[in-house]
Amino acid sequence: MKISGVYINSILISLFFFTISCRDKVPDNIQIDNSGLESISSQWHITNSIPLPNSVVIKFIDNYDKYSFWSSIRDLIFFNGKESQIIFSSSKDKIGDVAISGDHSYLILGLHSEEYTIKLFYIPFTIVNGQFRLGEKLEIENLVTENIIGIKYIGNDKFILLGTMEYQIITVQRKEIVSFINEHHTIDLNPGFGIQLVNTNDKTEVLLNSLDDIYKLDATDNYSTLKKIIEFPNPQLKPEEIKYAYRSILYRCTGNLERGIFKKDSLLCYYKKVNNSYSFETCDTIFVNNKIRVSPKDLFYFQIADNNFVYASGYGTIICKDLSDSKPLNQNWSTIINLNKPQVYSYVYSNGEIIAALDSIYIIQEKKNIDDDKELMNRSKTNFFILVDFPISSSIYGIAISDLNGDKKEDVYTIDIYDNNRFFNNFINFEDPYLSNTTEKIGLGGRKNKEGAFDLDLGVVAGDIDESGTDDLIVTYLDGPNALYINNDKGYFRDCTDEFGLNINIHRSESASLGDINNDGYLDYFTSSYLFTNRLFINIDGRKFSERTVESGLKSEYGAITAVMGDVNNDGYLDLYLCNWQKENNLYLNNRDGTFKDITQESGTGCGKMKRSNSAIFADFDNDGDLDLFIGNRGTGNNLFLNNGNGIFNEVTFKSGLGSKYFTYGSVAADFNNDSFLDLAFTNIKNIVIYFNKGIKDGIPQFEKFTEPFLNQLHNSEATGSLSSIASLDIKNDGDIDLLIGQVDGKLQLLHNNLNINSKSNNFISVKVIGSKSNRSAIGAKLFLYDRDKLIGFREVNSNSGYASSDSKIQHFGLGKGMGTYKLVTLFPKSNVRQELFVRAGSHYEIHEYEGLSENYFILYKNLKRYLLSNEFFFEIIKILFIIPLFYLFVFLFKNSFIQTRFPFFSTVNKRQLVKLGIICFGTYLFAAIFVRLINYIYPSNSDWITNSRNIFIDDYLAFLVSLASIPISLILIKNNESKKLSRINILDKILKELQGFYHGEASAMNLNRLSLYLKNFNTIDFEDTIVLERFKSIIDEYNESTYKSLIIISDFANLLRFNKRFLNEESTLKKISYGIALYIEEIRTALSLINLESIEKKKDYCIEQIEKLKQEIVKLVRIIHSNVNCNLDEVLEIINNKFSDSQREHYRLEINNRTEHFTKPFIDKNELEKCISILIQNSIEAYTDCRLNDNLIELNIKEKQGYIILSIKDFATGIKEENLKNIFQEGYTTKVNGQGFGLAYVKEITTKYYGAVFIESNLGEGTTVNINLKTI
């Protein structure tokens, strides 16, 4: 394969990753699968290899003739075809890009300085005998404020320097004295477009590319107009999906307006102009040597030659393809050579040679020096601060300070953009440089993507979002939604982003701010977006957020970095300030109706375009009781605005002594020296800048830079990375403010304030403010400190300040030289409650919006409201609603006669018991639910909280199941209770009493007989006779009102009788009889409840059948009772004889006649019969005692007659008067002097119970006879 006539262009574009990485680093040793390629590429070989000592090439710069220029991070390398020469080197600055003039007589060198500034140099050069000689450097004024994307020579001694969304045109005037004309232009496109230079060989053509498009800078108007020329298919820069390249450049383009190769991460696109339009061909995989699959993601550098070949180099391999063949873009690629290097950078000469470079330069023809030994700990004392470097390798941006676990000590949470975030519990133990990180344990490690790598997070803000009493966290992400972490009040966090409705792609959010926008007592949430619109979310009762961006008037396009809230016009409502990167900043006034008004122009706080504002602070720098504004800008000079009290500001930056330029990231306002004036501290890439506020002069605070020896000390600490965020807190509660500083690619640093250790003074007051009706974090609360009616300090509690961080919410006041007592006034935002307190110097205070019951009321109200409106409570309602039909199903069972007949026990539950059952059911549920929550609160499962896992059985179903279980348990208890009641009465007595109605001639038996008679003669009865019809209806009514109820009782008692020990052998029979009686009486009632006679007629035969079956069941029941309730008469008589034996017969003689074993057994209980006979004999004995006859005979005669046993007890005493006989069986009636009147009444009751009878005959002076008639079995 011969290459000739090739005119080659540069293949590399920007080094955008300089803003992220600061290390000279060889890429990881990743290679394309090159198995079997050596033989294929054998026609190419390395003819020369020239080592590059201490340099690793990262970019091809330019070439002419046999010379080429390369660069590493810090070295510029010249190669003359045989040997290399380092022509420029820097120990601190890093090479951004280099461009060679058209006549090859000078170069333009761009550097990234250690301070992150940009330096530009004009350097003439000559080449003599292959040796490169530099002339005197001339510095060119730099107008680009952020990053060197690329430098390109565009002809006529003109160069373009491309920065981040801006560019500079440099015209070199080479006269006796070289001079420069500089023109600055901004690129008004979304920063997510990531504009870069296209590699093109046309020296006058300036092409820029984004991820989707190619733009051209028009040379006819001196490159001031940007026009879109090419739009690639399948655009990725959709507003809702726009992303940003952070670690590396994901897309590269080489070519011109006629054709070119464009790589989007893993997608390769070839475009070609055909007539006046473009054709496109794309692929996501290419095939090398027809068998090796290679992803374009692994190819970094492309070059299109005039012979229609495209060359690409990647992980150690150089490949090529002939673009003129007819094969698809992904086919017909061939390997030139495999260098077995991690990464190579190649260039093709017109003579057919290929030059490649990494740690050596290779001529190919056809046929870390990273210092990892850094000091871990560096401490030295200054007048105020002790510097502590923690040996924690990190890339920290955001820092949050708050008591996150409720132990009354402030904790620290840091955001590592690339790695695991860190949580330091009780940071007071900072003397231990190896801080213990518990982030993963408590759920704050950070969000991971599908590959398991951490998503890029940056900022953090702390505040009590759910009003639970402990701060929650919002972490901002550079892609995707921000993350909301809700605290379980124990210091364990759950990602509740979805749960609170925040799963919305913010498109690079660097800052979030919390504040009660509408003064409803809940913290609302505003977040900035660098690539899309900012967003406002309103907090709904502490349980979810609702977006109100458009409705509030805060919809934007792009460019925002930081957002802070503060009440600038003192109307009690929080206003909003936005720091923008390209556009001017914005101040929005809260209209108090949920909307905002942009008052940037009238307030005078816009700062102008391209200020690159990173941080903002609302604070009272002049101690006049309103919020002033400090803006930290990157390389363009900071701004200080003083508030006139009504939201109109005056800029006093230079008058206050803050006019110097810095590359400001994070910033903090606090009284570091306790002189009662707020000072400033901010990060400046490689150092900290601190300004002390020396007091007010002509109404303007006067700031003085505090430099020695502190800043020198900080430089000597050799921070490996760039300083980013800064946050303030009083670590040891000793009354002076300390600072935490985060570094990117560095370490965590602490500036511990040594003021009160050295001076041992107590000239401070510390205040923690706690809301209840207002938000619990008290954000928006205002504190005024007075010394004899003179205001000496004003603070407003905020959620975030500076850049991407959240300071301690404990308010600190320095008192200067003053001591003694001061008046502190606190105003709360929602309630307008004014708390006044006299405070003493050197003290710490907690100020509550309300105290005691009032505070508890508002806290309980919010928590209860949140719970009642939560999904959890909704689920509880669902469970209760499920319980209700189950309970009413039981009610149905209770009322439904069909069920009652098959489950007779239901009929024993009355309405009162049913109400009690309902109360037990729901009461049990509430008790179990509360008990489970109480146990979870006392013994929380923190791991379940973090993972949002639940013990479904305990948390969701236990109370429900216990409630359901309470129904049968309660039924059992009711049953047992009824059984206990029944155990205190004689079931046999009750059932015998009810059965009396079904003997011949009794009411119930007669009702059934009449009903049966009418039904049997139904067709012959004249129902048109009103009297007959009424009589029939009365029979039916009697059945329903009397007979039916008696039979229900008999059925129930028959069921209960089976538990009587006397009837244990009849248990199953009694159960069937009970069921049968209940079934038949219900069937009869149902048949008789039909509307008309015609319907009854159809059912009459069935009804007659049921009546007969009912009678049979009653007969069966009676027989069972009779067969189990009887006695052996001889045994009873033997007992009687023994009881009244001869030894006891002093005044009487008992004679028992007709004793025989052939008598039928009487239907009566043996004990009850013995007691009845004994009562009658005892009465006779007492009758003889009164008359004292010679022969006191008592006769007990027995005989059987017509189904009865007749027992006759006869004496021959004085007898009973006739007028007493009619009342003789009444309870309490007696003719005896000391009698009780219960004996004969008992005999009457017992004989009647067993369907017998008792009669008495008596003649005065002749004696008395009592006859007991008992039925036989």
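This is a predicted model: local features need pLDDT of at least 70, side-chain atom pairs count only at pLDDT 80 or more; totals for chains, interfaces and linings use all residues.
A crossing of two helices is called left-handed if the near helix is turned anticlockwise from the far one by less than a right angle, and right-handed if clockwise.

**Helices H12 and H14**

The crossing of H12 with H14 is a left-handed one. Their angle is about 150°, and angles over 145 degrees count as roughly antiparallel, so H12 and H14 are roughly antiparallel to each other. On the H12 side, the contact uses Ile987, Leu988, Lys990, Ile991, Glu994 and Leu995. They meet residues of H14, among them Ile1049, Ile1050 and Phe1053. Sorted by class, this contact holds 10 nonpolar, 1 polar and 2 charged residues.

**Helices H15 and H16**

Now follow the chain to H15, whose axis crosses that of H16 at roughly 155°. That angle makes H15 roughly antiparallel to H16. Here, too, the crossing is left-handed. By class, 15 nonpolar, 2 polar and 5 charged residues make up the contact of H15 with H16.

Here are the two pairs in one place:

| Pair | Residue ranges | Axes | Angle |
|---|---|---|---|
| H12 and H14 | H12 987–995; H14 1026–1057 | 10 Å apart | about 150° |
| H15 and H16 | H15 1067–1088; H16 1093–1124 | within 9 Å | roughly 155° |

Methods: Residues are numbered from 1 along each chain as its sequence is written. Side-chain values use heavy atoms; hydrogens and water are left out. Axes are lines fitted to C-alpha atoms, for helices over the stretch in contact, and angles run from 0 to 180 degrees between N-to-C directions. Helices (H or I, at least four residues) and strands (E, at least two) are DSSP runs, numbered from the N terminus. Angles under 35 degrees count as roughly parallel, over 145 as roughly antiparallel, 65 to 115 as roughly perpendicular and the rest as oblique. Ala, Val, Leu, Ile, Met, Phe, Trp, Tyr, Cys and Pro count as nonpolar, Asp, Glu, Lys and Arg as charged, and the others, Gly among them, as polar. Contact means heavy atoms within 4.5 Å.
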